[in-house]
Structures are given as structure tokens and as C-alpha cells.
Amino acid sequence: MAEGSKERVLVDITDPDEDSPNMIIYRKIEDIVTRIQDENAGGVAIRTVKSFLSKIPSVVSGADIVQWLMKNLSIDDPAEAIHLGSLIAAHGYIFPISDHVLALKDDGTLYRFQSPYFWPSNCWEPENTDYAIYLCKRTMQNKARLELADYEAENLSRLQRAFARKWEFIFMQAEAQVKIDRKKDKVDRKVLDSQERAFWDVHRPVPGCVNMTDMDIRKCRREKNPHRVKKSVYGVPDDSQSQPSPVHISSPPARKLTQEDVEKEITFLNIQLGRHCMKVSKVADSLMGYTEQFMEYDPLVSAIEPSNPWIGDDTSFWDVEASHDPTQQRVKKWGFSLEEALKDPAGRDQFLKFLESEFSSENLRFWLAVQDLKRQPLQDVPSRAQEIWQEFLAEGAPSSVNLDSHSYERASQNLKDPGRYSFEDAQEHIFTLMKSDSYARFLRSSIYQDLLFARKKGKSLTGKRLSGLMQSS
Amino acid sequence: MRSPPIPEMATQEVQLNETLAHLKTESESLKSKLEEERAKLHDVELHQVAEKVEGLGQFVMKTRRTLKGHGNKVLCMDWCKDKRRIVSSSQDGKVIVWDAFTTNKEHAVTMPCTWVMACAYAPSGCAVACGGLDNKCSVYPLSLDKNENLAAKKKSVAMHTNYLSACSFTNSDMQILTSSGDGTCALWDVESGQLLQSFHGHAADVLCLDLAPSETGNTFVSGGCDKKANVWDMRSGQCIQSFETHESDINSVRYYPSGDAFASGSDDATLTANKMRILLKKESTLFFIKKLGRTSEKYFPVFNL
């Protein structure tokens with residue numbers, strides 16, 4: 001086995017491989033892991049711990065790691081630190097000395113740091129022959145702590161069957177490794193053995209654990225430099241007959257930028273420069289306003305009536321939400337904006353009812369019809385568009401809406417080649433009209449107010465007088 | 001095979017290269033000017049403003065249900081509008097529709113390919129869409145008859161030239177928006193399978209998309225391997241806004257419920273979870289980059305409850 005203390009190869013930062021998604025993360029983790037181990041710079045204390053008759057070298061407790069993460073990465077919540085630490089462990093940078101499962105625990109569980117030689121940033125893709133050598137050599141050593149776990153024993157028998165013809169070679173390699181290992185210092189060996197085991201825990205994980213070395217297939221196309229990929233821990237030369245792994249399929253070369261591309265970019269940038277933008281402070285205010293207003297509607301933050309179906313086992317909340325008989329809280333939302341009112345089917349109904357009482361429902365009906373048009377399958381669009389024109393816009397239309405000349409012109413032009421957006425300008429105009437005019441009156445109307453204050457019909461005289469007062473104020 | 005350039009053509013080529021170089025310089029200077037202008041609007045840090053607001057207190061997230069049934073990594077999921085049903089798709093090629101409340105599986109489909117990276121629930125709750133390595137997006141109407149073979153009614157809607165990374169119904173069962181490894185997004189008519197609009201502008205795979213929550217809006221945002229997040233006008237196919245502030249692939253984008261802002265998660269994970277940067281966009285649009293881990297962040301769907 002190659003030296004555990006082998007120095008990490010310094011990599012050229014301009015190397016395109018260094019920008020690959022995994023490398024960015026590895027660099028960040030490695031920065032953290034280097035800092036944690038630096039005792040002179042506020043790192044954790046890595047100690048030798050006495051255990052029964054033996055000593056455990058070079059360990060640190062999970063709790064210490066969690067503490068360090070919280071302090072040095074400004075993390076307030078220990079759960080977040082544990083999660084982060086577990087991700088670092090899952091990639092194999094730290095590992096529990098007595099477990100194959102790579103996760104961080106916030107207690108006295110002992111952990112060790114992985115040798116830079118085994119870091120994932122070295123592009124390890126160890127072959128099964130290597131794994132076979134590893135398992136084989138483990139069986140040759142008479143140490144209780146190196147006994148194979150059940151899944152490892154299963155893996156070994158499977159590999160023995162698969163490599164039946166090569167087994168003599170594998171066996172010899174294993175023997176050679178055992179010889180090399182025996183020459184090492186006892187304390188060093190404890191550490192190196194555990195680091196080697198942690199390496200294999202990453203590349204051949206315990207069944208049930210997520211395999212962190214699984215490539216996201218969407219990113220596989222980016223060609224990894226085959227020279228950088230390391231396939232053998234034990235110095236076994238690469239089998240030239242092996243198939244090129246799927247990750248080495250090169251993606252088509254990037255298209256060179258043409259003059260047209262750059263001209264388009266310039267046009268786009270000029271548009272961006274001309275765009276009106278708001279100051280962050282103003283945007284922040286609007287954002288805060290939104291969250292304050294909607295806080296009571298967010299079940300994660302506020303209690304909901306009658307109960308949260310996911311916490312209790314009562315689904316009535318959903319039934320109530322879906323019904324056309326709205327709660328006061330829901331009615332209150334309609335008052336936030338016209339958009340909110342129209343989002344709710346019950347809100348739409350009530351607004352329509354109000355407009356009908358004022359004999360001006362054609363605006364909303366037009367708006368709804370255009371919304372519906374946009375939801376139609378393509379083949380039904382032309383006929384629906386015609387219907388809308390006839391009903392709302394044509395001369396002598398039964399539900400004539402009042403449009404400005406520009407929108408009217410646009411709509412009639414569009415009708416020659418009707419599409420889903422034929423009435424977009426008109427719809428926008430009508431929406432603005434409703435928003436500035438009828439919507440405000442709706443909110444003051446008895447139809448709305450009755451629902452808002454949950455006043456039922458046929459109530460006491462006092463109730464009626466009160467609502468009369470409110471309307472006139 | 002090109003014949004050796006005659007002197008005339010050689011001069012022309014030199015001129016073209018000069019023009020291109022000149023244009024590139026212009027583009028670069030516009031970019032820095034844009035950055036300058038944006039910086040001027042940055043009069044306060046969001047976290048400073050946040051300090052004035054009462055904290056939410058201890059935010060306890062508990063697992064309420066665990067849905068077991070997939071044989072490999074779950075790549076995508078989507079809520080139904082009824083707030084209890086979920087469709088999920090997996091690396092093992094299966095698409096499952098669950099009643100998350102009871103944890104019962106209601107429907108299951110085995111796709112002809114593994115790696116079903118995208119799935120979506122139709123607004124009516126009567127269909128689901130899914131796709132992945134097959135480069136297609138297919139729609140399956142959900143039947144009430146449990147014995148009916150879902151695969152029989154499958155409808156191929158979208159066709160891309162590379163993997164399907166994400167799909168979403170618009171506010172109708174009749175249109176589907178897709179994004180693909182071929183670098184484009186597209187809007188399709190479900191019934192006819194016809195392409196309604198395509199969206200070109202990403203220089204690499206598009207990994208994710210999200211529709212703006214407004215009933216009246218017609219925009220969506222997409223994120224890609226070119227490190228850009230683009231906001232598109234569904235009507236015209238034009239890219240309205242482009243954000244290039246990540247250092248690596250953008251795996252996930254999600255609009256804030258107000259429609260004013262969206263968040264993006266990228267492979268350039270910073271390990272300080274409270275680091276935010278704000279850029280300004282169209283009128284009141286805010287762009288938060290909350291750099292979480294490299295996994296796609298799905299923190300906005302919790303608002304679906």
C-alpha cells in the first residue's frame with residue numbers, strides 16, 4: 001500500500017477539472033478539514049485515548065468537531081453543524097473509528113481524519129480488483145478489529161466468483177501488501193488501517209448507505225482527464241482490456257462565439273442597463289411587508305384552524321380550504337389584492353356576484369374567459385377566441401367591455417391569426433380597470449363585509465344597523 | 001477541404017476577427033457598467049434589514065411521513081394541488097403517485113428508461129408528467145380504476161435532443177414547460193404534442209425551472225450548467241433577465257411565493273448557510289442566492305401546505 005503520508009499533489013488552478021462541480025466542494029471541505037486539524041490555529045485537540053489495555057492514537061470526539069464547526073463557521077444550530085459534519089464524513093474526510101457508517105455524532109464517539117492521499121479530490125475510481133485485494137488481505141491478518149463485516153464477507157465471495165481466474169494474482173498482491181504493512185510502526189498501522197478502511201467505506205459503502213461516489217448522470221458528460229483518474233490503491237496497473245467507463249464520454253466541443261452571438265449579447269446588456277431598478281432597501285421593505293401579511297397563512301409558522309393535518313390526523317383543514325364556504329381568514333386574504341381575490345374560486349364567485357349587482361360583470365367575465373382561453377388545447381384556441389370576440393368585443397356584443405382604442409386595435413388584429421395571447425393587452429387593461437375601480441367598491445360592499453365579519457342573513461336588527469353604518473363610513 | 005485562402009479572403013478574415021474582438025470589448029465594458037449601476041442600488045444588506053424583524057424562534061422541522069417504495073435515489077417529486085398527494089420519480093425508472101397523508105401508493109408506472117429526473121402533477125390532479133434519459137416528457141392520465149394499466153394511456157408530449165431535466169404544467173393541464181440537457185426550455189401543447197414556444201439562451205444544459213406563481217404573469221426562471229439563471233417571457237420566448245453570480249451549475253431554482261424573488265441552489269456550495277447576495281431585477285424582483293449544499297434545495301415547496 002502506498003504511503004499514507006504521501007503529500008497531496010498541488011493542482012494548477014487554471015486546470016478545467018478544478019472547476020468541475022465536485023472539485024469546488026472538495027476544495028471547500030478540504031479548507032475546513034485542514035483548519036480543524038490545525039491545533040495552533042484554534043483547531044480541535046487530536047489526542048491519544050486510553051482504552052482498556054491499549055491506546056487509541058490520533059482521535060477526536062464527535063462533540064469536539066461539532067463544537068468547532070459551530071464556533072468557526074458561525075453556525076447557531078447544532079443540528080446544522082451535525083448535518084454539515086455528516087456530509088463531510090460521507091465524503092470520507094473524517095470517519096468514526098469503530099463504524100463503517102460515515103456520519104457525525106454529537107457525543108463521545110471517536111473520529112479520525114482521513115489522509116490527504118485518500119481524499120476524493122485525487123479523482124479516485126478504484127477498481128474491483130483493488131477491492132478484492134483489500135478484502136483478501138484483511139482475511140490474512142489475525143486481528144479482531146480487522147474481521148470482515150457481514151456485507152464485506154458477502155462482497156468477498158462475490159468477488160471470488162467474479163475473479164475466479166485472476167484469484168491467484170489477487171491473492172499474491174494481498175500477500176505482498178500484508179508484508180509491506182507488517183514493516184510499519186505499530187501505532188502508524190492502526191491509523192493507516194483505519195484510513196484505508198474509511199476509504200473503502202466511501203467507495204464501497206455499507207448496503208443502505210448512499211454512495212457518495214455516484215456520479216450525477218447529468219454531469220457525467222464532462223470529460224474527466226483520464227490521466228488524473230486513480231484506479232488502484234495497491235499499484236496494480238490499469239487493465240487495458242477494461243471498458244472505458246461511461247464518465248469519459250466527451251461532450252461536444254463548445255461552439256465558438258460568433259459575431260451574431262456577441263451582437264445579441266450587447267443588445268441584451270443595453271436593455272438591462274435601460275431597465276428601471278429599485279433600491280435594495282425598498283425591495284426589502286416590500287418583502288417584509290409580504291411576509292408580515294402572509295405569516296398567519298403559513299402553517300409552518302402559525303397554528304391553523306382546526307388543526308394541521310400533518311400533525312394531528314384530522315384532514316378537515318383541507319376540506320374547509322377546498323370548500324366554497326370560506327372562513328373569515330380566507331375572506332380577509334381577498335382584501336390584500338385583486339390577484340389574491342381572484343386566486344380563490346370563492347373570491348371569484350363573490351366578486352362576480354357583486355359586479356352583477358352593479359350590472360358590470362362583463363369585465364370580470366371577459367377576464368375569466370381570456371384566462372380560460374390560455375388553458376385550452378391548441379386546436380380549440382381559434383374557435384374560443386372567436387367566441388370571446390363575439391361575446392365581449394364585437395360591435396353589438398351582448399357583454400360589451402370598454403376597451404381603450406389601442407387594446408381594441410390589437411385584439412382585432414390578433415384575431416386574424418388567433419392565439420392564446422390574442423387578448424393579452426385587452427385583458428391587462430380590463431384588469432387595471434377592475435383593480436382601480438370595482439375592486440375597491442367590492443371591499444366596501446355588504447357582500448364582502450358580511451363574509452368578512454361572518455354576518456349571517458336574517459340576523460338581529462342591531463346587526464343590520466351596524467353593517468349599514470359601516471357601509472356609509 | 002478548403003483551398004488555401006487567397007490574399008483578398010485573408011484580409012477579410014482579419015477584418016472579421018477585428019470586428020469580433022471589438023464587439024467583445026464592447027460587451028465586456030457594458031457588463032462592468034451594469035455591475036456598477038447595480039452596486040449603486042445596493043444601499044443596504046438584507047441581513048441588516050432582517051435584524052429589525054422578530055425572529056421566528058426555534059424552527060422545528062420534523063419528519064411527518066416517510067414514503068418507502070422506491071428502489072433507488074428519488075430524483076424528483078411534486079405536490080398535487082390537493083396538498084396531500086405526491087408524485088415522485090426515481091433512478092430505478094419508477095414513477096409513483098402517493099397519498100402522502102396515508103402513505104399509500106395510488107399509482108405506479110415503470111418508465112422504459114432509468115433515471116426519471118423530472119416529474120410533475122397536473123393542476124387538476126388527473127394526470128402526471130415525467131421524463132429523463134429518454135429525452136421525452138410523457139403525460140399519464142391518472143385513472144380511478146386501479147387495475148387499469150397506466151402505461152397504456154401514455155402520451156408523449158415533449159421531444160428534446162438530450163435528457164429532460166425538469167418539467168412543470170402551467171396553470172392548466174394543457175400546457176407543459178420543460179427544460180433539457182440540450183440547453184433549451186420549451187412550452188408544449190399536451191394534446192397535440194406541438195411545440196408552442198422554445199427558449200434559447202443557455203450555453204449549456206438547463207437543469208431546473210420554476211414558474212412564477214402569479215395568475216397574471218407569464219414568466220418562469222431556469223437555471224443551467226452555464227452558471228446562469230434566466231427569467232423568460234413565455235409569450236415571446238425572450239430572455240428578460242439573466243443572473244450570473246454562481247460559480248458552478250445551478251441545480252435548482254424556486255420562486256418565492258410573492259413572485260418577487262427567486263432562490264437558486266448551486267454546486268458551488270458555500271458552507272455558511274446565512275450568506276446571501278442580492279441583485280436587482282425587473283421592477284420589484286429580488287434575487288436571493290442562498291447557497292446551500294449541492295443538493296437541490298426544495299425549501300419553497302413547504303409553502304404548499
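Over residues 240-251 of chain A, how many contacts beyond four places in sequence does the model have?

## Confidence

This is a predicted model. For residues 240-251 of chain A there are 15 contacts beyond four places in sequence, and pLDDT stays under 50 there. A further stretch of chain A, residues 458-468, also stays under 50 and has 1 such contact. Where pLDDT is low, the predicted coordinates should not be read in detail.

Chain A as a whole averages a pLDDT of 85. A score of at least 70 is reached by 86% of the residues.

## Cavity

The model holds 1 cavity of 30 Å³ or more. The largest cavity has about 40 Å³ of space. Its lining includes the histidines A:His91 and A:His203, along with A:Gly92 and A:Gln114. A:Phe118, A:Pro120, A:Phe199 and A:Val202 also line the largest cavity. By class, the lining has 4 nonpolar residues, 4 polar and no charged.

## Backbone geometry

Most residues other than glycine have a negative phi, and most peptide bonds are trans.

A:Glu305 joins A:Pro306 through a cis peptide bond, with omega near -10 degrees. A:Pro306 sits in the loop between helix H9 (280-294) and helix H10 (316-322).

A:Phe52 has a positive phi of about 50 degrees. Its loop runs between strand S1 (47-51) and strand S2 (54-61). A:Phe52 is exposed, at 87% relative accessible area. A:Ser74 also has a positive phi, near 50 degrees. A:Ser74 lies in the loop between helix H2 (62-72) and helix H3 (78-90). With 54% relative accessibility, A:Ser74 counts as exposed.

Conventions. Residues are numbered from 1 along each chain as its sequence is written. Chains are lettered from A and ligands numbered from 1 in the order in which they are written. This is a predicted model: local features need pLDDT of at least 70, side-chain atom pairs count only at pLDDT 80 or more; totals for chains, interfaces and linings use all residues. Side-chain values use heavy atoms; hydrogens and water are left out. pLDDT is the predictor's confidence in each residue, from 0 to 100. Contact means heavy atoms within 4.5 Å. On a 1 Å grid over the protein atoms alone, a cavity is a set of points where a 1.4 Å probe fits but cannot get out, and a pocket is an open set with protein on both sides within 12 Å along at least five of seven lines; lining residues have an atom within 4 Å of a point. Grid points are joined across faces, edges and corners, and a volume is the space filled by probe spheres set on the points. Ala, Val, Leu, Ile, Met, Phe, Trp, Tyr, Cys and Pro count as nonpolar, Asp, Glu, Lys and Arg as charged, and the others, Gly among them, as polar. Helices (H or I, at least four residues) and strands (E, at least two) are DSSP runs, numbered from the N terminus. Buried means under 20% relative accessible area, exposed over 50%, partly exposed in between (1.4 Å probe, protein chains only).
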